[in-house]
Amino acid sequence: MTAEKEAVAPAMVEDEEEAQLQLVQKITGLATAIAKLPSLSPSPEAHYSDLLAAHDNPLDHLSLFPYFNNYIKLSQLEYGLLARHVPGPPPSRVAFVGSGPLPLSSLVLAVSHLPATSFDNYDICGEANERARRLVRADDRLGSRMSFHTSDVAHVTRDLGAYDVVFLAALVGMAAEEKARVVEHLGWHMAPGAALVVRSAHGARGFLYPVVDPEEIRRGGFDVLAVHHPEGEVINSVIIARKPMAEGVDAHGAVMSRPCLCCEVEARAHRKMEEMAMEKLPS
């Protein structure tokens with residue numbers, strides 16, 4: 001190694017250590033600031049929901065929300081993954097669990113991707129649902145397809161069997177154990193063949209949203225069809241899963257013979273390879 005290279009190497013190490021130190025200090029500062037907050041409820045969303053509701057037609061002003069473009073891209077990603085891995089006619093009924101006072105995901109999906117689908121939005125906060133209802137008050141056609149229910153999804157049972165697709169928001173079940181209980185509940189009560197779209201996070205983005213282990217989705221009673229980690233503006237990872245059909249019956253009600261053990265092993269290997277491939281896809 002030349003003297004010049006020997007001099008550069010320690011400098012690079014020092015720069016890397018300094019960058020790591022700054023990152024740790026920034027994360028520590030954020031954690032300290034968050035700990036001092038009186039509440040972790042999504043007050044900024046409520047603020048923008050009220051701001052939009054002040055307009056005669058709130059839907060014409062959704063771009064006032066600073067991260068609206070992110071929701072457009074996330075909804076496009078979710079719809080694309082869903083259409084690819086759960087082919088067939090568009091869903092007639094969709095549930096969005098954890099819709100909040102500013103249900104941008106439901107609105108974007110309903111307007112841009114699923115124009116004939118009915119959306120049932122669930123949130124445990126009645127005030128959040130009241131705010132959400134005001135956003136669709138001026139659009140009778142969209143309003144007729146959007147309903148809002150104040151309920152903990154853990155208390156929803158029979159109604160879950162009516163949905164073709166259930167979306168699970170990232171902040172529903174912040175702790176891993178709580179998320180697992182929600183997924184297990186959905187696994188018990190969703191209809192066979194229905195799809196589940198779970199928002200997760202990957203890598204450093206786990207500081208913003210809970211990381212969901214695909215194995216937890218499988219333990220909840222679902223087949224994991226795709227796991228996608230975006231690398232661009234979209235922050236949330238997306239897991240596409242599906243509740244298996246009743247044993248011995250396919251999606252059209254036809255009786256099927258149980259596959260041999262070799263076929264099951266091959267299918268599991270194929271799913272694993274597909275997940276690894278999806279992780280490498282660009283956003």
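1. In this predicted model, Arg 131 forms a salt bridge with Asp 50, and the closest N and O atoms of the pair are 2.8 Å apart. Arg 131 belongs to helix 5 (residues 126-135) and Asp 50 to helix 2 (residues 43-53), so the pair ties together parts of the chain that are 81 residues apart in sequence. Both partners are partly exposed: Arg 131 has a relative accessible area of 23%, and Asp 50 has one of 31%.

2. Asp 50 also forms a salt bridge with Arg 134, where the closest N and O atoms are 2.6 Å apart. Here too Asp 50 lies in helix 2 and its partner, Arg 134, in helix 5, so this pair ties together parts that are 84 residues apart in sequence. Arg 134 counts as partly exposed, at 37% relative accessibility.

3. The structure holds 8 salt bridges, and another one of them, between Arg 93 and Asp 120, has its closest N and O atoms 2.6 Å apart. This pair links distant parts of the chain, with Arg 93 in strand 1 (residues 93-97) and Asp 120 in strand 2, 27 residues apart.

4. Asp 123, which is found in strand 2 (residues 118-123), deserves a separate remark. Asp 123 is buried and yet has no salt bridge, the nearest side chain of opposite charge being that of Arg 131, which is 9.8 Å away. That distance may be read against the cut-off of 4 Å between a side-chain nitrogen and a carboxyl oxygen that a salt bridge requires. Arg 131 itself is paired with Asp 50, as noted in the opening point. Leaving aside residues up to four places away in sequence, Asp 123 touches Gly 98, Ser 99, Gly 100, Ala 128, Asn 129, His 149, Thr 150 and Ser 151.

5. A reader may next wish to look at the packing of helix 3 (residues 68-85) against helix 4 (residues 104-113), where the angle is about 60° and the axes are 9 Å apart. The two helices are therefore oblique to each other, and the crossing of helix 3 and helix 4 is right-handed. On the side of helix 3, the residues that meet helix 4 are Phe 68, Tyr 71, Ile 72, Ser 75, Gln 76 and Tyr 79, while helix 4 contributes Leu 104, Ser 105, Val 108, Leu 109 and His 113. In general, an α-helix has 3.6 residues a turn, so residues three or four places apart point the same way.

6. Helix 4 is mostly covered, since 8 of its 10 residues are buried. The buried residues of helix 4 are Leu 104, Ser 105, Ser 106, Leu 107, Val 108, Leu 109, Ala 110 and His 113.

7. Turning to the chain as a whole, there are 9 helices and 7 strands, and buried residues make up 37% of the 283 residues. Among contacts between residues at least 6 apart in sequence, 76% join residues at least 24 apart.

How values were computed. Residues numbered from 1 in each chain as written. Predicted model: local features only at pLDDT ≥ 70, side-chain atom pairs only at ≥ 80, totals over all residues. Heavy atoms only, no water. Helix = DSSP H or I, 4+ residues; strand = E, 2+ residues; numbered from the N terminus. Buried < 20%, exposed > 50% of the residue type's maximum accessible area, 1.4 Å probe, protein only. Lys, Arg positive; Asp, Glu negative; His and termini not counted. Contact = heavy atoms within 4.5 Å. Axes fitted to C-alpha atoms, helices over the stretch in contact; angles between N-to-C directions. Parallel < 35°, antiparallel > 145°, perpendicular 65-115°, else oblique. Left-handed = near helix turned anticlockwise from the far one by under 90°.
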